Amino acid sequence: MGRTRRNVLAIVALVGAGVIGCSAALDHPTPRDAEWASREWPGTTIEDLAHGRTLYVDRCSGCHNLHLPAEHTPDEWKGYVAYMVADARLTPGEQTAITRYLVATSARTR
């Protein structure tokens with residue numbers, strides 16, 4: 001195996017480990033989070049929030065380190081996600097899912 005290929009594989013492994021490590025630290029949604037989110041997005045389920053968490057990890061960690069939900073207020077998260085829509089090429093559904101997850105899980109610490 002050539003040196004360049006080994007270097008590429010090492011970089012891929014490091015990035016993958018970083019994503020796994022970072023996603024493990026992210027809060028998983030709870031029934032209370034779903035209840036809180038339902039105030040703004042009626043009918044929100046834990047599964048909806050879990051989907052938003054997965055999208056956050058998949059779509060955002062490729063470009064920058066993930067921030068923990070508790071690092072920002074719910075209103076700040078709405079603004080940050082809205083700001084990143086174009087750069088991350090998020091669909092409206094992905095934007096809503098990620099926003100719901102971050103807003104709901106950040107609200108639990110407030």
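Asp27, Asp33 and Arg108 are linked in a network of salt bridges. A salt bridge here is a side-chain nitrogen of Lys or Arg within 4 Å of a carboxyl oxygen of Asp or Glu. Before we go on: this is a predicted model, where local features need pLDDT of at least 70, side-chain atom pairs count only at pLDDT 80 or more, and totals for chains, interfaces and linings use all residues. Residues are numbered from 1 along each chain as its sequence is written, and side-chain values use heavy atoms, with hydrogens and water left out.

Asp27 and Arg108 form a salt bridge, with their closest N and O atoms 3.6 Å apart. That pair links distant parts of the chain. Asp27 sits in the loop between α1 (3-25) and α2, while Arg108 sits in the segment after α5, 81 residues apart. Helices, by the way, are DSSP runs of H or I, at least four residues long; strands are runs of E, at least two; both are numbered from the N terminus.

How exposed are the two partners? Asp27 is partly exposed, at 26% relative accessible area. Arg108 is partly exposed too, at 31%. The cut-offs: buried is under 20% relative accessible area, exposed is over 50%, and partly exposed is in between, using a 1.4 Å probe and protein chains only.

Asp33 belongs to helix α2. Is Asp33 buried or exposed? At 2% relative accessibility, Asp33 counts as buried. A polar atom of the Asp33 side chain lies 2.9 Å from the backbone nitrogen of Thr30. Leaving aside neighbours within four places in sequence, Asp33 is in contact with His28, Leu49, Ala104, Thr105 and Arg108. Contact means heavy atoms within 4.5 Å.

Let's stay on α2, residues 31-40. Its buried residues are Asp33, Ala34 and Ala37. Seen down the helix axis, they fall within an arc of 95 degrees, so they line one face of α2. That arc is taken from the directions from the helix axis to the C-beta atoms. What do these buried residues pack against? They pack against α3 (46-60) and α5 (92-107). On the other side of α2, Pro31, Arg32, Glu35 and Arg39 are exposed.

Next, the other salt bridges. How many does a search of the whole structure find? It finds 5. One of them joins Glu94 and Arg59, closest N and O atoms 2.8 Å apart. Glu94 lies in helix α5 and Arg59 in helix α3, so the pair ties together parts 35 residues apart in sequence. Glu94 counts as buried, at 17% relative accessibility. Arg59 is partly exposed, at 28%.

Another pair is Asp75 and Lys78, at 3.9 Å, N to O. These two are 3 residues apart in helix α4 (residues 74-88), separated by about one helical turn. Asp75 is exposed, at 59% relative accessible area. Lys78 is partly exposed, at 27%.

Last, the whole chain. There are 5 helices and 0 strands. Along the sequence, the pattern reads α-α-α-α-α. Of the 110 residues, 33% are buried. Take the contacts between residues at least 6 apart in sequence: 71% of them join residues at least 24 apart. The chain exposes about 6800 Å², and carbon and sulfur atoms supply 59% of that. Those areas come from the Shrake-Rupley method with a 1.4 Å probe; for residues, only the protein chains shown count as cover.

Key. A polar contact is a pair of N or O atoms within 3.5 Å; within protein, one must be able to donate a hydrogen and the other to accept it, and residues adjacent in sequence count only if both atoms are side-chain atoms.
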